[in-house]
Amino acid sequence: MALQLWETLKEATTAYTGLSPATFFTVLALLWAVYYVAKGLFGSSDDHIHQRSTAFEEQMEPLPPPVQLGEITEEELKQYDGSDSKKSLLMAIKGQIYDVSQSRMFYGPGGPYALFAGKDASRALAKMSFEEKDLTGDISGLGPFELDALQDWEYKFMSKYVKVGTIKKTTVPVTEGDASGEASGAAETDTKPTEDGPSQTPVTGSEEKSSPGDTKEE
């Protein structure tokens, strides 16, 4: 029975394909091998991409809610420049601090605006400058167009990010030498006579001396 089926299959193969049974099954085996190899290559690539995507999703933890910091110094603000992934990513404009963690791809390490993070970059944003000297909150001397550009940046941050604090303004301390100098200057001003020349003390009536002519002899 099996032999008859084999003979029938050979005849059908020759009739429909024009190939000998040996050639037909050789071509069939080659096609199967090519399919298996292609599936292995593309299938492993897809699996690798899927594994990388899964690993990336696992690493991407949900962003923590913004933490209100209140008033901090510029030195303290530098701690939130994105170097520590466990801390929020912060940036300041005109002394107002915003949490930009949701835009870490722009302001985080490796991003196009990474050098602005952890700083008050008002001047740099106004001038669209990436120079170190412009990474400051000092906006004195800026022109009207630069101030308008800075205003646009501020509106953008106010509408998109959460304000979490302000930068503490630094005051210039008065040294002891300056204080003593001011005190001595005030003292000299108080002791200076109002008019040149010796001061005269008025003589009261009881202290007036009688002239020799007014004295009676006994």
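The second largest pocket has a volume of about 230 Å³. The model is a predicted one, with local features needing pLDDT of at least 70 and side-chain atom pairs pLDDT 80 or more, while totals for chains, interfaces and linings use all residues. Numbering starts from 1 along each chain as its sequence is written, and side-chain values use heavy atoms, with hydrogens and water left out.

What lines this pocket? Lining residues, meaning those with an atom within 4 Å of a point, include Glu 74, Lys 94, Gly 95, Gln 96, Asp 120 and Lys 169. The lining splits into one nonpolar, five polar and six charged residues, where Ala, Val, Leu, Ile, Met, Phe, Trp, Tyr, Cys and Pro are taken as nonpolar, Asp, Glu, Lys and Arg as charged, and the others, Gly among them, as polar.

Lys 94 also turns up elsewhere. It sits in the loop between strand S2 (90-93) and strand S3 (96-99), and its phi is near 55°, a positive value in a residue other than glycine. Most residues other than glycine have a negative phi. Lys 94 counts as partly exposed because its relative accessibility is 35%; the cut-offs are under 20% for buried, over 50% for exposed, and partly exposed in between, with a 1.4 Å probe and protein chains only. Glu 154, in helix H6, touches Lys 94 along with Ile 93 and Tyr 98, leaving aside residues up to four places away in sequence; a contact means heavy atoms within 4.5 Å. At 11% relative accessible area, Glu 154 is buried.

Met 128 has a positive phi too, near 50°. Its place is the loop between helix H5 (122-127) and H6, and a relative accessible area of 43% makes it partly exposed. Helix H6 (residues 144-160) includes Pro 144, which is exposed at 59% relative accessibility.

On to the rings: the structure holds nine aromatic pairs. Rings of Phe, Tyr and Trp (its six-membered ring) pair if their centres lie within 6.5 Å, and planes under 30 degrees apart are stacked, over 60 edge-to-face and the rest tilted. Tyr 107 and Phe 157 have ring centres 6.1 Å apart and planes at 70°, so this pair is edge-to-face. The pair ties together distant parts of the chain, 50 residues apart, with Tyr 107 in helix H4 (residues 104-107) and Phe 157 in helix H6. Both partners are buried, Tyr 107 at 3% and Phe 157 at 0% relative accessibility. Phe 157 forms another edge-to-face pair with Tyr 161, at 5.0 Å centre to centre and 65° between the planes. Tyr 161 is buried as well, at 6% relative accessibility. Ring pairs link these residues into a cluster whose members include Tyr 98, Tyr 113, Phe 116, Phe 130 and Trp 153.

Overall, the protein chain has seven helices and four strands, these being DSSP runs (H or I, at least four residues; E, at least two) numbered from the N terminus. Of its 218 residues, 20% count as buried.

Conventions: 1 Å grid on protein atoms, 1.4 Å probe; cavity = no way out; pocket = protein on both sides within 12 Å on 5 of 7 lines; lining within 4 Å. Points joined across faces, edges and corners; volume = space filled by probe spheres on them.
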